[in-house]
Amino acid sequence: MSVRTLKRTLTVALLATVAPILVSATSTAAEFEATVLSLHNRERAGLGVAPLQWNTALAQSAQSWANHLAATGAFEHAAELPSNPEGENLWEGTKGAYRLEQRVDAWIREKRFFKPGTFPDNSTTGNVEDVGHYTQVAWRATSKVGCAQATGLHTDVLVCRYSNAGNYVGEQAF
């Protein structure tokens, strides 16, 4: 066998081994994006709010923060950058126990405590924390979203970043 034939054979063998992994990773990423976007936009459509578009830069930013939270075990919002404010929703749960749909639905279920009004006076409980994730999902001025997930020692983490940010005092969500 010539060197050229050997190289070609090794290249084909390598591609045959790696291609399914690459396709699977791409498919999984595409499914994640489509699912998150669909869940957000289904809720927004029911409210008559324009759909969100996926934003890769927001997703990359969310991935960095999700990785940090998973690695450290912390659960806190990232420090806001005044020059480029982004909205942020966080979710954390027992590792492997929740599907992606359940994670996003946890934010959307906050709708049960939402009442029409200006932020932060839009919660039936009087606690803005009870509706803040939901209002960010539905915020009328938000047009882009990017999300990411990471797994820590005991927990899964989901982070979504939004542009334009929502939850501004004195404004209505939608």
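Figure 1. A disulfide here is a pair of cysteine sulfur atoms within 2.5 Å. The angle about the S-S bond is 110°, and the link is right-handed. Cys-147 belongs to strand β3 and Cys-160 to strand β4, so the bond connects parts of the chain 13 residues apart (strands are DSSP runs of E, at least two residues, and helices are runs of H or I, at least four, both numbered from the N terminus). Are these two cysteines buried or exposed? Cys-147 is buried at 3% relative accessibility, and Cys-160 is buried at 0% (buried means under 20% relative accessible area, exposed over 50%, and partly exposed in between, using a 1.4 Å probe and protein chains only).

A quick note on reading these views: residues are numbered from 1 along each chain as its sequence is written. Because the model is predicted, local features need pLDDT of at least 70 and side-chain atom pairs count only at pLDDT 80 or more, while totals for chains, interfaces and linings use all residues, and side-chain values use heavy atoms, with hydrogens and water left out.

**Figure 2. Four strands make an open, mixed sheet.** Follow the sheet across and the order is β1-β3-β4-β2, with mixed pairing (two strands pair if DSSP finds at least two bridges between them). The edges are taken by β1 and β2 (87-94); each has a single partner strand, so one side of each is left without a neighbour in the sheet. Strands of a sheet pair through backbone hydrogen bonds, either parallel or antiparallel. Strand β1 (residues 53-54) pairs with β3 in the parallel sense over two bridges, and here Trp-54 sits opposite Val-145. β3 and β4 run antiparallel, joined by eight bridges, with Gly-146 facing Arg-161. These two strands form a hairpin, with three residues between them. Eight bridges also join β2 to β4, again antiparallel, and Trp-91 stands opposite Leu-158 in β4.

**Figure 3. Helix α3 has a buried face.** Which residues of α3 (100-108) are buried? They are Leu-100, Arg-103, Val-104, Trp-107 and Ile-108. Look down the helix axis and these residues fall within an arc of 145°, so they line one face of α3 (the arc is that of the directions from the helix axis to the C-beta atoms). Here's the background: an α-helix has 3.6 residues a turn, so residues three or four places apart point the same way.

**Figure 4. Trp-107 sits in the largest nonpolar core.** A nonpolar core is a set of buried Ala, Val, Leu, Ile, Met, Phe, Trp, Tyr and Cys residues joined through side-chain atoms within 4.5 Å. The largest one has 18 residues, and those touching the most other members are Trp-54, Trp-107, Val-145, Cys-147 and Leu-158. Helices α1 (3-47) and α3, plus strands β3 and β4, each give two or more residues to this core. Setting aside residues up to four places away in sequence, Trp-107 touches several others, including His-40, Trp-91, Tyr-134, Leu-158 and Cys-160 (contact means heavy atoms within 4.5 Å). There's also a second, separate core of 10 residues; among them are Trp-65, Ala-70, Ala-148 and Val-157.

**Figure 5. Aromatic rings meet edge-to-face.** Rings of Phe, Tyr and Trp (its six-membered ring) pair if their centres lie within 6.5 Å; planes under 30 degrees apart count as stacked, over 60 as edge-to-face and the rest as tilted. That gives six aromatic pairs. In one of them, Phe-119 and Trp-139 have ring centres 6.2 Å apart and planes at 90°, so they're edge-to-face. Phe-119 lies in the loop between α3 and α4 (132-138) and Trp-139 in the loop between α4 and β3 (144-151), so the pair ties together parts 20 residues apart in sequence. Both residues, Phe-119 and Trp-139, are buried. Tyr-134 and Phe-174 are another edge-to-face pair, 6.4 Å centre to centre with 90° between the planes. Tyr-134 is in helix α4 and Phe-174 in the segment after β4 (155-163), 40 residues apart. Tyr-134 is buried at 1%, whereas Phe-174 is partly exposed at 33%.
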